[in-house]
Every structure is written in structure tokens, then in C-alpha cells.
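Welcome! Take a moment to turn the model around on your screen before reading on.

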Amino acid sequence: MGNEEETWVVMKTARAPSNIAVIKYWGKRDEKLILPINSSISVTLDPEHLSATTTVAASPAFEKDRLWLNGKEVSVEGVRYKNCLREMRARATDVVIESSGKVIRKEDWNSLHIHIASENNFPTAAGLASSAAGFACLVYALAQLMGVQEKYEGELTAIARLGSGSACRSLYGGFVEWKMGQEIDGTDSIAVQLAEESHWKDLVIIIAVVSSRQKETSSTSGMQESVKTSPLLKYRAEMEKAIKSMNFTEFAKITCADSNQFHATCLDTSPPIFYLNDTSRKLIGLVERWNRHAGEPQVAYTFDAGPNAVMFAKNKEVAAQLLQRLLYQFPPSADTDISRYVHGDQSILESAGVNSLKDIDSLSAPAEVAGIPNLQRIPGEVDYLICTNVGKGAYVLGEQGANLIDPVSGLLKK
């Protein structure tokens with residue numbers, strides 16, 4: 001590698017999306033390797049709206065591995081970070097530093113320390129799969145930095161899984177299955193892409209962020225108790241077939257049913273786990289009423305380990321109607337700017353014909369709630385909404401300005 005006294009920093013920056021499971025995994029057969037007791041299927045969300053951006057840097061001047069998460073330094077001694085770093089170092093190859101032509105030999109990676117800086121563009125640990133995006137991004141960025149080449153398809157997803165189970169699904173775009181696998185060492189518990197992001201272009205996703213506060217029960221501890229005490233982990237369905245045929249009716253029925261059983265499982269644990277709150281249940285009611293009134297599913301809902309609703313609309317027109325209904329029943333507080341209440345794809349807001357709080361005030365009650373006396377409309381009950389689409393998987397950010405680490409000091413940029 002050359003003179004160890006020389007000062008240089010080499011780095012790579014990547015972005016990885018969040019994902020939302022429509023067939024969930026809620027239990028592990030192996031806690032250490034994070035091997036699930038069932039396969040799961042997810043939809044990758046547009047990284048422009050929900051993603052982690054991570055810079056990884058190496059230098060002979062670094063004295064230890066360090067990690068900054070959303071601007072704050074945190075410990076990198078957690079077993080999940082250490083597992084990912086260990087597995088990536090073991091697969092590192094010779095890398096040529098482009099700016100100088102120096103070669104970092106593969107054996108040098110074991111002694112080179114790594115600085116990691118990562119940030120999310122959505123709330124951490126509030127039930128929006130922030131750990132999935134974060135660990136997928138970490139593994140993908142390290143692969144670019146260390147010249148790691150997969151020895152078998154899906155190898156990187158198996159390593160991301162060691163950080164967070166659902167992280168394996170965030171490396172790919174579109175629709176992704178995490179196969180539970182059969183091998184004891186977990187080498188076949190990998191993610192595979194079922195369909196690309198361009199496969200079902202009409203699908204639109206709207207997320208109602210009920211709370212951006214950190215969950216009281218992490219999904220990890222919740223899973224541990226569920227596996228021990230709940231007998232309800234049996235529901236599987238033909239989601240892959242519905243996705244490949246773009247059958248929204250079946251997609252919606254399966255998605256809602258799977259979510260409902262997921263939360264029935266949470267309630268069936270001892271002690272019970274409460275992820276949904278009153279606002280979550282009102283959001284379920286909004287969708288169920290509309291679907292019944294329409295005579296067929298217009299929208300599907302799902303909730304992960306938190307109170308936030310992820311809703312799928314079958315096309316942009318229906319998404320605009322959904323947004324109108326959400327704004328009618330869950331208006332923002334009077335002092336909230338509309339641009340701060342509806343994030344993401346602003347074209348959905350335009351299609352809904354809403355440009356200001358005055359437009360929200362003038363929205364008519366949907367037909368399906370006309371007969372409901374005293375329907376509560378509490379401003380601020382929902383923190384904000386995110387309009388998004390099916391998105392692509394992890395990718396490298398080539399522009400210099402995207403780096404979160406200073407190229408001279410190797411520390412977090414100020």
C-alpha cells in the first residue's frame with residue numbers, strides 16, 4: 001500500500017431506499033444470523049423520498065472505526081455493525097486509488113479503519129424501515145469502496161441481512177422477495193428481485209406519518225417475543241402472482257390481510273405489543289369504507305412496526321382521490337404550510353387540486369362518509385404525508401458534493 005505515514009483518504013458514497021413489506025416477516029429461526037421463519041415480499045420505495053445516504057471512508061490515519069448517524073456520533077461496537085464490517089473486509093479485493101494510482105491490497109483492509117457517515121431523509125426508528133435503508137446502504141457503499149464482487153447472486157443481500165433482516169430487500173428496486181432459505185449458515189437466505197420498478201408504473205404510495213417519534217418497542221424485541229408466544233404466524237398468500245399479473249384487487253386483499261394478521265400477532269404476544277394507535281385505526285377505517293363503497297379495492301393499507309400507514313393506490317387518479325380524503329379527514333394544523341405537510345411527489349397534490357390550506361377547507365366530504373354523524377376532523381392528528389412511487393435499488397452517488405465525510409480530515413462534514 002505504500003508508506004503508512006502518507007495521509008490519504010479514500011471514500012465512496014451510496015444511497016439505498018427504504019422498503020415496505022406487503023408479506024411481512026415476523027419471527028426468526030436464528031437470532032444471530034437473522035434467519036426468518038418465513039419468506040417475505042416488499043415494495044421498494046422511491047429513494048428520492050425515502051432513503052439513506054451513506055459515505056464510507058478509509059485512511060491509514062484513522063485510529064479506529066467511527067460512525068455518525070444523522071449528524072451525531074454513535075457507537076460502532078454494536079454486533080450488527082461489526083458483523084457487516086467483518087464480512088465485507090473478508091471479501092475485499094485489491095483497490096487502486098484513482099487520484100494517486102496507489103494500490104490498497106486486499107489484506108490491508110483488515111488493518112485499515114473505516115469512518116461511516118449516514119443520514120436518512122425520513123424519521124429513524126419510527127416504523128418506516130430506516131434500519132433497512134441504512135444497513136443496505138452501508139453494505140453497498142463498502143462493496144464499492146473495497147472492490148467486493150459477489151461470488152454468488154445475492155451475496156451482498158445476505159450480508160446486509162446481518163445488519164437488519166429487511167435490509168436485504170433494500171438493495172434491489174421494484175418488488176423483492178426475501179427467501180427464508182434452508183441452509184444452517186444462512187447463505188441461501190437472500191433477496192431476489194421479482195419485478196423491476198418499471199413493471200407496475202401505475203402504482204402510487206402515500207404514507208401517513210402518524211408519529212415520527214421512536215417506537216417504544218423495537219421491531220427486533222417485538223419479533224423475539226412474538227416467536228416465543230404467538231401461534232398466528234401461518235398466513236401466506238400468492239402475492240408474487242398478483243404482482244406479476246398487476247392484479248390490484250388481489251394485491252390489495254393480500255396486503256391488508258397480511259398487515260391485519262401481523263398486528264393480531266403483536267396483540268397475541270405476552271405481554272401484548274401495541275404498534276397501532278387511534279389514528280392508525282381511523283386510517284384503516286377510511287380505506288375500508290371507501291373500498292366497500294366502491295365495490296372493489298381502490299386502496300390497500302399496511303402497517304409495519306409502528307403507527308404509520310402505508311397506502312397503495314392503483315393509479316395516479318385514485319391516488320389524488322386518496323390524498324383528498326386524507327386531507328379532508330386529517331387536515332394539517334392551521335399554522336402548517338401545505339408544502340411541509342405533503343412531501344415527496346408533488347404531482348399527486350396538483351392532481352388533487354390542492355394548493356393551499358383554503359383548498360383543504362373547501363374539500364367536500366367523500367360520498368362514503370356522508371351518512372356518518374360527527375366524523376372527527378382533528379387538525380394535526382397526522383404529522384405529515386409522503387407521496388411516492390415504486391423505486392430503484394441501491395446506487396452510487398458520484399458527485400463530490402454528495403459525500404458526508406470531509407475528504408481531507410476524514411471526519412463528518414460540518
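## About the model

This is a predicted model, in which local features need pLDDT of at least 70 and side-chain atom pairs count only at pLDDT 80 or more, while totals for chains, interfaces and linings use all residues. Residues are numbered from 1 along each chain as its sequence is written, and side-chain values use heavy atoms, leaving out hydrogens and water.

## Two domains

The protein chain is assigned domain 1 (4–197) and domain 2 (204–388); such bounds come from an automatic or database domain assignment. Taken over C-alpha atoms, the centres of the two domains lie 29 Å apart.

## Helix α1

Helices here are DSSP runs (H or I, at least four residues) and strands are runs of E (at least two), numbered from the N terminus. Helix α1 covers residues 79–90, and its 12 residues should span 16 Å at 1.5 Å a residue, which agrees with its end C-alpha atoms being 16 Å apart. The expected span is 1.5 Å times one less than the number of residues.

Buried residues (under 20% relative accessible area, 1.4 Å probe, protein chains only) in α1 include Tyr81, Cys84 and Met88. The buried residues of α1 pack against β7 (66–69), β11 (113–120), α2 (130–146) and α3 (155–163), where contact means heavy atoms within 4.5 Å.

## The largest cavity

A cavity is a set of points on a 1 Å grid over the protein atoms alone where a 1.4 Å probe fits but cannot get out, and its lining residues have an atom within 4 Å of a point. The count comes to two cavities of 30 Å³ or more, and the largest has a volume of about 50 Å³.

Among the residues lining the largest cavity are Leu286, Arg325 and Glu368. The largest share of this lining, three residues, comes from α8.

Technical notes: Buried means under 20% relative accessible area, exposed over 50%, partly exposed in between (1.4 Å probe, protein chains only). On a 1 Å grid over the protein atoms alone, a cavity is a set of points where a 1.4 Å probe fits but cannot get out, and a pocket is an open set with protein on both sides within 12 Å along at least five of seven lines; lining residues have an atom within 4 Å of a point. Grid points are joined across faces, edges and corners, and a volume is the space filled by probe spheres set on the points.
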